[in-house]
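Please read this briefing alongside the sequence and the model.

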Amino acid sequence: MSAAEADPATMEPRAFAQLIKRTPTGELRDVMGGERRGVFLDGIFVRMPGLFRADRAGAMEAVIHWTVGDRPDGGADTYELVISGGTCRLSAHPARQPRLTLTVGALDFLNLVTGNAHPMAMFMTGKLKAAGDIPLATRIPRLFDIPKA
């Protein structure tokens, strides 16, 4: 299966991570700059609550906005995760004041959520930007079972 045919919402997370790892950058750029961008982003975010580790979150209460750039029109897509009461929910419409906003380009986002990039290295090189509660940003990788390719 090629990346252009993939649906991250239905693929096993490790298989999706492997697909991203072996797909040439140009092909990923085409997918994230084309009509399948929404399928990819929606599919990834729909899976996040299922990868959430409540046992590591404790009593955390947080609204996290993910802003994924490089949209074909020059804009970005924003997704809202709400961590509350030991659960993680995807909000259909980002409307709450975020405690943390993470901003990342589309290709870097794919590599980040598939374990093909190290979040701290991305932060240090400016590929991943955090605004708001920076200590919370450092906890994000431990709050989710990030698949490894």
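## Briefing on the predicted model

Glycine 105 lies in the loop between β4 (100–104) and α5, where helices (H or I, at least four residues) and strands (E, at least two) are DSSP runs numbered from the N terminus. This is a predicted model, in which local features need pLDDT of at least 70 and side-chain atom pairs count only at pLDDT 80 or more, while totals for chains, interfaces and linings use all residues. Residues are numbered from 1 along each chain as its sequence is written, and side-chain values use heavy atoms, with hydrogens and water left out.

**Surroundings of glycine 105**

- Glycine 105 is buried, with a relative accessible area of 15%; buried means under 20% relative accessible area, exposed means over 50%, and partly exposed covers the values in between, using a 1.4 Å probe and protein chains only.
- Leaving aside residues up to four places away in sequence, glycine 105 touches Val68, Gly69, Asp70 and Lys127, a contact being heavy atoms within 4.5 Å.
- The C-alpha atom of glycine 105 is separated by 21 Å from that of serine 91, and the two residues are 14 residues apart along the chain.

**The sheet and the helices packed on it**

- Five strands make up an open sheet with mixed pairing, in the order β3-β2-β1-β4-β5, where two strands pair if DSSP finds at least two bridges between them.
- The edge strands of this sheet are β3 (87–91) and β5 (128–132), each of which pairs on one side only.
- From one strand to the next, the twist averages 20°; axes are lines fitted to C-alpha atoms, for helices over the stretch in contact, and angles run from 0 to 180 degrees between N-to-C directions.
- Strand β1 (residues 62–68) pairs with strand β2 (residues 77–84) in the antiparallel sense over seven bridges, and the bridge partner of isoleucine 64 in β2 is leucine 81.
- Helix α5 lies across β1, β4 and β5 and runs at about 130° to β1.
- Helix α7 also packs on the sheet, where α7 touches β1, β2, β4 and β5, and its direction makes about 70° with that of β4.

- Leu28, Val31 and Met32 are buried in helix α2 (residues 25–32).
- Seen down the axis of α2, its buried residues fall within an arc of 90°, so they line one face of the helix; the arc is that of the directions from the helix axis to the C-beta atoms.
- The face of α2 turned away from its buried side carries the exposed residues Arg29 and Asp30, whereas the cover over the buried residues of α2 includes α1 (13–22), α3 and α5.

**Aromatic pairs**

- Rings of Phe, Tyr and Trp (its six-membered ring) pair if their centres lie within 6.5 Å, and planes under 30 degrees apart count as stacked, over 60 as edge-to-face and the rest as tilted; by this rule the count comes to six aromatic pairs.
- One of these is the stacked pair of phenylalanine 45 and phenylalanine 109, with 5.3 Å centre to centre and 15° between the planes.
- Phenylalanine 45 lies in helix α3 (residues 37–51) and phenylalanine 109 in helix α5 (residues 106–113), so their pairing ties together parts that are 64 residues apart in sequence.
- Phenylalanine 45 is buried at a relative accessible area of 0%, and phenylalanine 109 counts as buried at 0% relative accessibility.
- Phe45, Trp66, Tyr79 and Phe109 are linked into a cluster by ring pairs.

**Salt bridges**

- A salt bridge is a side-chain nitrogen of Lys or Arg within 4 Å of a carboxyl oxygen of Asp or Glu, and by this rule the count comes to seven salt bridges.
- In one of them, aspartate 145 pairs with arginine 53, the closest N and O atoms being 3.3 Å apart.
- This pair links distant parts of the chain, 92 residues apart, with aspartate 145 in the segment after α7 (134–143) and arginine 53 in the loop between α3 and α4 (54–57).
- Aspartate 145 counts as partly exposed, at 38% relative accessibility.
- Arginine 71, which is partly exposed at 27% relative accessibility, meets aspartate 73 in a salt bridge of 2.9 Å, N to O.
- Arginine 71 also forms a salt bridge with aspartate 77, where the closest N and O atoms are 3.3 Å apart.
- Aspartate 73 is exposed, with a relative accessible area of 58%, whereas aspartate 77 is buried, with a relative accessible area of 18%.
- A network of salt bridges links Arg37, Arg71, Asp73 and Asp77.
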